[in-house]
Structures are given as C-alpha cells and as structure tokens.
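Here are my notebook entries from a first look around this structure.

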Amino acid sequence: LAVLAVLLYLATRPLPGLPRSDRRGLVAVGLVFVLLHLNPTVRRANPLLFWPAQAATVEEFRANVETLRAKRAIAQSRLPDWQPTYVGPERHTVGLVIGESTNRWNWQLYGYARATTPELMQQADQLLVFRDVISAAPGTVSSLRHMLTPRSLAQPEGDEELPSVLMLARAAGYKVFWISNQHDRYITTRFAEEADVVRLLNQGDKLTPRSLDERILPEWQRALEDPAPRKLIVAHLMGAHAHYDLRCPDHLRHFESYEDEVDRALKAQGRPRWVREKRDQYDDAMLYQDWVISRLLQSFRDATGTGSAAWLYTSDHAEEVGHTRNFTGHSPDEAGQVVPLLLWRS
C-alpha cells in the first residue's frame, strides 16, 4: 500500500527537477514491482514479509520439535512393556527401501504397457511381488507414521508416544541406519533421530531440487559394510515426487521422445496434452527408479551373500497421473494409493 501511495503521488504531482518522462519510468518500474508480488513465490521472498513469517515458523517448529522429543522419551519408557527380543542367527541384515509417489499401475512388473521396470523384470523370479497393496494414506508423513509405528486407521492418534519400528529394532540389538534423499522436518525429527547413523543427503526444499536418488547408493554400501552383526538399513528415496521432470537424469529420458500405445490410449480418454506430458515425465522417473531400486537390491544381495537377510521395497503412496481424470499429483482415491511392494529373502 505504501508503494502504491508513492506511485500515485509520482503520477499526479510534478516534482521539481524530475522530467515527466523520468517520472513515468519510475511509475512503470514501481508498478512492475507491485504486480510481481501477485506471484506468491515473489511475495514470500520479500524480506519485509519473509523474515517475520519465517521467525514465527521457526519458533513454531522449535516448539513442535521439543514436543516430539518429549513424546519420544515417553515411548522409550514404554519399551520394557514391549519386550523386543531377537531370535535367530547371530548375524542378520534388514534393508527397507521406502519409495515416494510411486504408482504400481505405471510399472511394467505389474502389467503396464511401457517398459518402465526392465531391470526388476529380470529379477522378478527371485522376488515376492505383492499385487494388491494399498497405502494407508495419500501423503508422505501420514503414511510413514502408519508404516513405522503402531498407528492404524482404527486408532490414528497416540503413535508419537509409542515405540517405532526403529526404536524397537535398536532395543532388540540392531544397529539402525537412516539414509534419506528427502528433506522433511517432521520425518527427520520423528524417525531419523531414532537411528544410530543418520545420513541426510538433501537439505533443500523437497519439491524443487534435482537431487537424484543415486546419491543414496554410496551411503547404502557403507551401511552394508558396517561390521555390526545385526543391522536395519532404511533408505528413503525422492522417488517420483513432483516435479516429475526433476526425478530422472537427462540420459535416461525415454518416453517423452515418441508416441506409443500409452499416449494413444490417453488421447482416446480425452486427456489434454499437459497431462500426457506429465505421464511421459512420470514414466521416465519410473524407469530411473527401476535402475536405482535394482542397484539397492543387487548390492544388498552381494553384501549379505548366503547370510540371513531380508530386503523390502514399497512406496509411501501413489500418484494420480491421468489414470482416472485430468489431474496429476497426490490424490485421496485409489489412483493415489496403489503402491508396489517387493520382498527378497536370503
């Protein structure tokens, strides 16, 4: 409002020593500055607006962190009631790979028309492929709370004061690793802090950086080489989180370059061009995920050899990408929750 008032003054009042043409130029620049703030990204970046809001957000975050840590202490105190005990071979390794925004309808392994999972197809006879899994929620945080705690659909509250899978594993004698290519304040505080070894590879905003999941591979290998007799290694991928075009390296882009039966089917369903382009980008991300997941599995198998081990992959939720309507993104219906689940055991 103050800027608009100044612009109005400049536009209507002559100023000594300032020619009319210069005054018009200042007014034009000022109007552009004001109009740019109609964009929420620009508006949030304005220091006069950003810093007060950020300060309030930081204080709220600190309070939430302290609350979560206090609840974790309660959960720790309840561990004796659960009596977690390991029974099995002296050495045992568990690998848990958590995908992101991955719809099994887009996997060749589940009958999709595009060759999006060629490497997993080659290993399918060694995997138990679950074909009817539905995620508990269509969003990451809620879904992980269901995956890694006693939380259930019937009892959706109180899980923060109960032992998580990570906490129970540690109490049973496992060394726990948390390797993440996602940046999420809640997940980091709620779960990563419960691990013995934490590797957070992506400290940026989770939506925009091109932080490719291959960054996880060296840390995964280091965890496999750790001499601890019992290990739980959790890898949280960036997967196919929007924006899809950021989730695949350029050299693996494949489905955007030509028209195939999937494109023709989408056209027949009346999907607009922007939805078809998103589907191509999403399927490129699926192809890249196939490459990453296959290497996580192969390195796990190589490292554990004939020893006692189990490896599991699933996704937090799925994604609607023109499957049932002209929409792409998180969705609370079936298209947003049909996920793959793979199990390998030595």
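I started with helix α10 (residues 216–225) and helix α12 (residues 273–304), which pack at an angle of about 15° with their axes 10 Å apart. I took helices as DSSP runs of H or I with at least four residues and strands as runs of E with at least two, numbered from the N terminus. Axes are lines fitted to C-alpha atoms, for helices over the stretch in contact, and angles run from 0 to 180 degrees between N-to-C directions. The pair α10 and α12 is therefore roughly parallel; angles under 35 degrees get that label, those over 145 are roughly antiparallel, 65 to 115 is roughly perpendicular and the rest are oblique.

I noted that this is a predicted model, where local features need pLDDT of at least 70, side-chain atom pairs count only at pLDDT 80 or more, and totals for chains, interfaces and linings use all residues. Residues are numbered from 1 along each chain as its sequence is written, and side-chain values use heavy atoms, with hydrogens and water left out.

Which residues of α10 and α12 meet? I found I216, L217, W220, Q221 and L224 in α10 against W291, V292, R295, L296, S299, F300 and A303 in α12, with contact meaning heavy atoms within 4.5 Å. This contact of α10 with α12 divides into 9 nonpolar, 2 polar and 1 charged. For the classes, Ala, Val, Leu, Ile, Met, Phe, Trp, Tyr, Cys and Pro are nonpolar, Asp, Glu, Lys and Arg are charged, and the others, Gly among them, are polar.

Next I looked at helix α11 (residues 261–268), which packs with α12 at about 150°, the axes 10 Å apart. The helices α11 and α12 are therefore roughly antiparallel. I saw V262, D263, L266 and K267 in α11 meet R276, R279 and D280 in α12. By class, this contact of α11 with α12 has 2 nonpolar, no polar and 5 charged residues.

Then I turned to the backbone. Most residues other than glycine have a negative phi, and most peptide bonds are trans. A cis peptide bond joins A242 and H243, with omega about 15°. I placed H243 in the loop between β5 (230–236) and α11. Q83 is not a glycine, yet its phi is positive, near 50°. I found Q83 in the loop between α5 (79–82) and β1.
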